[in-house]
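Work through the exercises below with the sequence and the coordinates open. Each task is followed by a stepwise solution.

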2 protein chains.
Amino acid sequence: MTDSFHPPQRTLMGPGPSDVNPRILEALSRPTIGHLDPAFIGMMDEVKQLLQFAFRTKNELTIPVSAPGSAGMETVFTNLIERGEKVIICQNGVFGGRMKENVERCGGVAIMVEDEWGTPVDLGKAEQALQDHKDAVALAFVHAETSTGARSDAESLCALARKYDCLAIVDAVTSLGGIQLEVDEWGVDAIYSGTQKCLSCVPGLSPVSFSPKAVEKIKSRSSKVQSWFLDTNLVMGYWGTDAKRSYHHTAPVNSLYALHESLVILQEEGLENAWQRHADNHTAFAAGVEALGLGFVVAEEYRLPQLNAVSFPDSIADGDVRAALLNDYDLEIGAGLGALAGKVWRIGLMGYASNRRNVLFCLSALGNVLNDQGLSCDPAAAVAAARAKYAALQ
Amino acid sequence: MTDSFHPPQRTLMGPGPSDVNPRILEALSRPTIGHLDPAFIGMMDEVKQLLQFAFRTKNELTIPVSAPGSAGMETVFTNLIERGEKVIICQNGVFGGRMKENVERCGGVAIMVEDEWGTPVDLGKAEQALQDHKDAVALAFVHAETSTGARSDAESLCALARKYDCLAIVDAVTSLGGIQLEVDEWGVDAIYSGTQKCLSCVPGLSPVSFSPKAVEKIKSRSSKVQSWFLDTNLVMGYWGTDAKRSYHHTAPVNSLYALHESLVILQEEGLENAWQRHADNHTAFAAGVEALGLGFVVAEEYRLPQLNAVSFPDSIADGDVRAALLNDYDLEIGAGLGALAGKVWRIGLMGYASNRRNVLFCLSALGNVLNDQGLSCDPAAAVAAARAKYAALQ
């Protein structure tokens, strides 16, 4: 017989999931009601409004997909791209590669614009690709590369897309709620995110939003969307504005309670305040990281405050450090991914996890473990450096 | 500002979600940990074993898809069916039609075998189609039609598929945990279910299982699976047996806690005991329904104990009855779907909701509401009939 599972109590400072606010866990466990219950439909309407608030958009097609961020990515590409259509994809990390897979599996043609991992998308190269491929229908890029911690200039990239009459497709999995994001003002046409990053909600849902121009492209498709489950034409029969909602699939009711609560919390704090909090905790953390003698992969001006790719000397056994942090401190930090595997740690300061306690705790624990592993450093000095930065920020 | 959402406390006796066991809601709200945390990977292994137990299979590819049952259906078709391949689909309700959509969106050809709604799949017609289409690669059908409450003979249909060298694809969304289901013994090749029916878990996950023969077909595909998110070749890098699990998508961690707990509960009760409980509560409920003067859509021998399609006189305003039950009794029953819309109620006795209290409560509440709506009936007699049946069952 298998026993009930009782997870350890971790501090989650990896690339996500991030620490979940206890208010959200409590909301998650409220009694399940039917997915067509009038009370539930009312909550769904609030979730849509709250997502419009978080994305800063008036887009009517703004909903949470009933599956994780990867399914949000697929929702965007499978709805927008038809067989033979060209999409320019700016890749500067893992998730650009996933976009390529998505486009190709939709029968589209992916034109790749490669940038070095850890750098932002190069605007010049993106524009060159747009000039070279006038028949492209979309420009796609990752706003906040979770695999490297680099922030790209989403506003300028959207402007470029518009200039060449392309749809702007944005991966905002790690950016939503953590850094400035302006869907309407920047002219984003299709965007997807995740719940388990800066919204500090449980993983499993993917907020998406489509501009009227994107919706028009979906409506004028010559072929059916190849995924029945992700077909927004069908999903909107359930999530749309008609008084009568028709069943499409059974919504993940409790996960949506959790998303609702996480967005209520974000609204209480205010978007700008949340962005500022992420920035401040990063600043303090970065001071501590440098005091430990460690480096950053990403140049300062392009660093994501919520995802810190921290490099370490070759002498350090990556896996041993992470295992010691997990086993001795119940602290999770992330491993490097793809080209950065074994070369960096990805230390998240996302959403609820972006707080002073976590910053000081992580610096202290990491410093102690590094000392154990033979890298001489001064955890107390790192903590002091972070505290000094906090004091200066006030 | 939007306030936190506090759902009403309903009794869920519709077609799902069903009442969730409080143990499962509690498990759901346990602290989130990382999707690559060793503690989580250990729990994933248990979930796979527990699903093998529930499906009665040794299939290695037995996992929960990170999305609702509709995505489980899509996982099966999108992995198994390639462009131009023929699938024979037996349709006797809504979900056969959804299978057709899935096959066609994979580029396959759906050969439809239609049966009247409320009847089981006709074996003779299925065999005729297999004879007429020797090039078909699969026979697909719904074991327990949630839209009508009819049970089809899955064992015989699987045998037919085998006889004609077709894969047997089974929709077990509403059957798993509620009625006998023997994946290995019956020779099921691909099967999907949902968590929110007879497992009484929250909605949002879809257990699936593929036989070695099905896996072989997936491995020998000439084209990539068109969905990146649902591609089992990739998903198994994360859910597989390799000691090192590679990241594919972020698993819905807390929902998996809940599924684990629901399967632990099922194991504690025992599969046969769970099936018997569903049968017994249905028998008592049916006696009460008849005492109220209402009828069943499905002939007795094909009735699903967990989903009762109850017909009512034309004079009754369907929506008013359901609204009164919801508003006055916090009791949800389901509306008819598709061809049965406005003609039946779908009353679920699924999983945790399949209990004596719910049976007696529903009969009493429904009888009272029917009286209010001008249909003369005797709720007390209905309750007495059900109680008498329970006594006889002991």
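The exercises concern a predicted model, and they go from the whole chain to single residues.

**Exercise 1. Overall build of chain A**

Task: State how many helices and strands chain A has, and decide how its radius of gyration stands against that of a compact globule.

Solution. 
- Step 1. Chain A contains 14 helices and 14 strands.
- Step 2. For 394 residues, a compact globule would have a radius of gyration near 21 Å; chain A has 21 Å, so the value agrees.
- Step 3. Along the principal axes, the C-alpha atoms of chain A fill a box of roughly 65 × 55 × 50 Å.
- Step 4. A residue is buried if 20 or more other C-beta atoms lie within 10 Å of its own. Of the 394 residues of chain A, 60% count as buried.
- Step 5. Take the contacts in chain A with a separation of 6 or more: 72% of them join residues 24 or more positions apart.

**Exercise 2. Relation of chains A and B**

Task: Find which rotation and shift superpose chain B on chain A, and show why the copies meet through the same surface.

Solution. 
- Step 1. Two copies of a chain are related by a rotation about an axis and a shift along it.
- Step 2. Here chain B is superposed on chain A by a rotation of 180° with 0.0 Å of shift along its axis, at an RMSD of 0.0 Å. The two copies are thus related as by a two-fold rotation axis.
- Step 3. The contact between the chains takes 65 residues from chain B and 65 residues from chain A.
- Step 4. On the side of chain B that touches chain A, at least two residues each come from α1 (22-28), α2 (38-55), α3 (69-80), α4 (94-105) and α10 (253-269) of chain B. The largest share of that side, 8 residues, is supplied by α10(B).
- Step 5. By class, the residues of that side of chain B are 27 nonpolar, 25 polar and 13 charged.
- Step 6. Of the interface residues of chain B, 100% are also interface residues in chain A, so the copies meet through the same surface.

**Exercise 3. The buried face of α6(B)**

Task: List the buried residues of helix α6 of chain B, and explain why they line one face of the helix.

Solution. 
- Step 1. Helix α6 of chain B spans residues 154-163, and its buried residues are Ala154(B), Leu157(B), Cys158(B), Leu160(B) and Ala161(B).
- Step 2. Viewed down the axis of α6(B), these buried residues fall within an arc of 155°, so they line one face of the helix.
- Step 3. The cover over the buried residues of α6(B) includes α5 (123-132), β5 (136-142), β8 (167-171) and α7 (183-186) of chain B.
- Step 4. Just after α6(B), Asp165(B) has a positive phi of about 60°.

**Exercise 4. Backbone details in loops**

Solution. 
- Step 1. Pro17(A) sits in the loop between β1 (11-13) and α1 (22-28) of chain A.
- Step 2. In chain B, the peptide bond from Gly16(B) to Pro17(B) is cis, with omega near 5°.
- Step 3. Arg56(A), a residue other than glycine, has a positive phi near 55°.
- Step 4. Arg56(A) is partly exposed, with 16 other C-beta atoms within 10 Å.
- Step 5. With 14 other C-beta atoms within 10 Å, Asp330(A) is partly exposed.

Technical notes:
Residues numbered from 1 in each chain as written. Chains lettered and ligands numbered in written order. Predicted model: local features only at pLDDT ≥ 70, side-chain atom pairs only at ≥ 80, totals over all residues. Least-squares fit on C-alpha atoms with pLDDT ≥ 70 in both. Contact = placed C-beta atoms within 7 Å. Helix = DSSP H or I, 4+ residues; strand = E, 2+ residues; numbered from the N terminus. Nonpolar A, V, L, I, M, F, W, Y, C, P; charged D, E, K, R; others polar. Buried ≥ 20, exposed ≤ 12 C-beta atoms within 10 Å, placed from the backbone. Arc of directions from axis to C-beta. Rg over C-alpha atoms; globule rule 2.2 N^0.38 Å.
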